[in-house]
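Below is a briefing on one chain.

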Amino acid sequence: MPIRPPARGPAAVLLAAATALAAATLVATPASAATLREVTGFGTNPGNLQMFRYVPDGLPSGRPVVLALHGCTQNASSYATGTGWLKLADQHRFTVVFPQQRSANNANSCFNWFEPGDTRRGSGEALSIKQMVDRTRQDVGATAAYVSGLSAGGGMTSVMLATYPDVFSGGGVVAGLPYGCATSVSTAFTCMNPGVNLSPAQWGDRVRSAFSHSGPRPKVSIWHGTSDTTVRPMNAVELVEQWTNVNGTDQTPDTTDTVGGYPHRVYGGTVEHFEITGMGHGHPVDPGTGSAQCGTAGAYVLDVNICAAHHLVRFWGIADSAPPTTTTTTSPAAPPYTDTALGTPTDHYVAGRVDVTEYNTLGTRYGYSTPITLYRCATDWTDKPDCSPI
């Protein structure tokens, strides 16, 4: 497909006030060392995108692939470094693909989440991104695929979840927009600010019209700052309405709590919404060396003491862990557990003591707000003092 001329109007279509980030140079390293590398020849590439990929050393076949889409004025390298996805890939054993926009397609390096030719299944940028998944499955044996993105990348994440629900098992929309909100530059500005108000059914119909799909829909995690003046927080509300409707649940949260000090709501186990109080336009990170920390603050990558990528991995259920070891005791006077932890199911989930399945089990058993005690048995946590599994 011909390369589109440089866009003039979309120069402000997301992250409009940004000063372009300096493109980071990828330094060549020995072949045995994991590094971010460009992959070429990944398909017909009708959207004229670039593909960069990070494969952790020693990654076994069958681990997932996560696609991470940068925002305007960013590139694959800066986004990979800032958001913490490389650390998470090493920690939880998955491949990360970073699609990169070309200035020939959009003068501000925004993904064209509003252009009809780029947002249809089998066409333009959407097809190019899907071809990156196909190539990664071929090269490293990746199975399940997930997609997340910031701002324009968040808008394109919605596109991929709507047009390829048979490819992606989950998504993360960070400061992004609903699918089908815009079909031109002028309507894109309206979607961004002040936003477009439709009913959940209307939003859901736009997704359903993208591809006739009878299987399960992707899980969707939605993140937005309450002080975002570039993409108004109203978009997060509309995203919740869209994806709860698509996933067949209502707009009343089943869980309302706080995570990392921020309001967090879960709808039907398939949609969650993080409301980052006081945050402007950007991707949340929590720089540090802790297992739940990640990222490096920079332009539109904001240190707000919560690592979005960490929580996305957990919500999707792809956090890698060693097989649990279950022990039993023959004497009630000598229990095998080493310590206990008291908290709500959500507290235990955030602390990494239980996975998504166990979290749902605890929520059903005790209610999401009821404090419970978990017992540590070797590497496994259980709610049974005798260390029988949850």
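Are cysteine 72 and cysteine 110 buried or exposed? Cysteine 72 is buried, and cysteine 110 is buried as well; buried means under 20% relative accessible area, exposed over 50%, and partly exposed in between, with a 1.4 Å probe and protein chains only. This is a predicted model, in which local features need pLDDT of at least 70, side-chain atom pairs count only at pLDDT 80 or more, and totals for chains, interfaces and linings use all residues. Residues are numbered from 1 along each chain as its sequence is written, and side-chain values use heavy atoms, with hydrogens and water left out.

**Overall make-up**

- The chain holds 10 helices and 15 strands. Helices (H or I, at least four residues) and strands (E, at least two) are DSSP runs, numbered from the N terminus.
- The chain has 390 residues, and 52% of them count as buried.
- Among contacts with a separation of 6 or more, 69% come from residues 24 or more positions apart. A contact means heavy atoms within 4.5 Å.
- The accessible surface of the chain is about 15,000 Å². Carbon and sulfur atoms contribute 52% of that surface. The areas come from the Shrake-Rupley method with a 1.4 Å probe; for residues, only the protein chains shown count as cover.

**Disulfides**

- The chain has 3 disulfides, each a pair of cysteine sulfur atoms within 2.5 Å.
- Cysteine 72 and cysteine 110 form one of them, with sulfur atoms 1.9 Å apart. The S-S torsion of cysteine 72 and cysteine 110 is about 125°, so this disulfide is right-handed. The pair links distant parts of the chain, 38 residues apart. Cysteine 72 sits in the loop between strand 3 (65-69) and helix 1 (76-83). Cysteine 110 sits in the loop between strand 4 (95-100) and helix 3 (124-140).
- Cysteine 181 and cysteine 191 form another, with sulfur atoms 2.1 Å apart. The torsion about the S-S bond of cysteine 181 and cysteine 191 is about -115°, so the disulfide is left-handed. Cysteine 181 lies in the loop between strand 6 (168-174) and helix 5 (185-192), and cysteine 191 in helix 5, so the pair ties together parts that are 10 residues apart in sequence. Cysteine 181 counts as buried at 9% relative accessibility. Cysteine 191 is buried at 0%.
- Cysteine 294 is joined to cysteine 307 by a disulfide, S to S 1.9 Å. The S-S torsion of cysteine 294 and cysteine 307 is about 90°, so the disulfide is right-handed. Cysteine 294 is in the loop between strand 11 (283-285) and strand 12 (301-303), and cysteine 307 in the loop between strand 12 and helix 8 (308-316), so the pair ties together parts 13 residues apart in sequence. Both cysteine 294 and cysteine 307 are buried.

**Helix 8**

- Helix 8 is mostly covered, with 9 of its 9 residues buried. Among them are His310, His311, Arg314 and Trp316.

- In strand 6, 6 of the 7 residues are buried, so strand 6 is largely enclosed by the rest of the structure.
- Strand 5 (residues 145-150) runs parallel to strand 6, joined by 6 bridges. Two strands pair if DSSP finds at least two bridges between them. Alanine 145 has phenylalanine 168 of strand 6 as its bridge partner.
- Strand 5, helix 4 (residues 152-163) and strand 6 make a right-handed β-α-β unit. Right-handed here means that, with the strands pointing away from the viewer, the path from the first strand over the helix to the second runs clockwise.
- Strand 6 also runs parallel to strand 7 (residues 219-225), with 5 bridges. Valine 174 has tryptophan 223 of strand 7 as its bridge partner.
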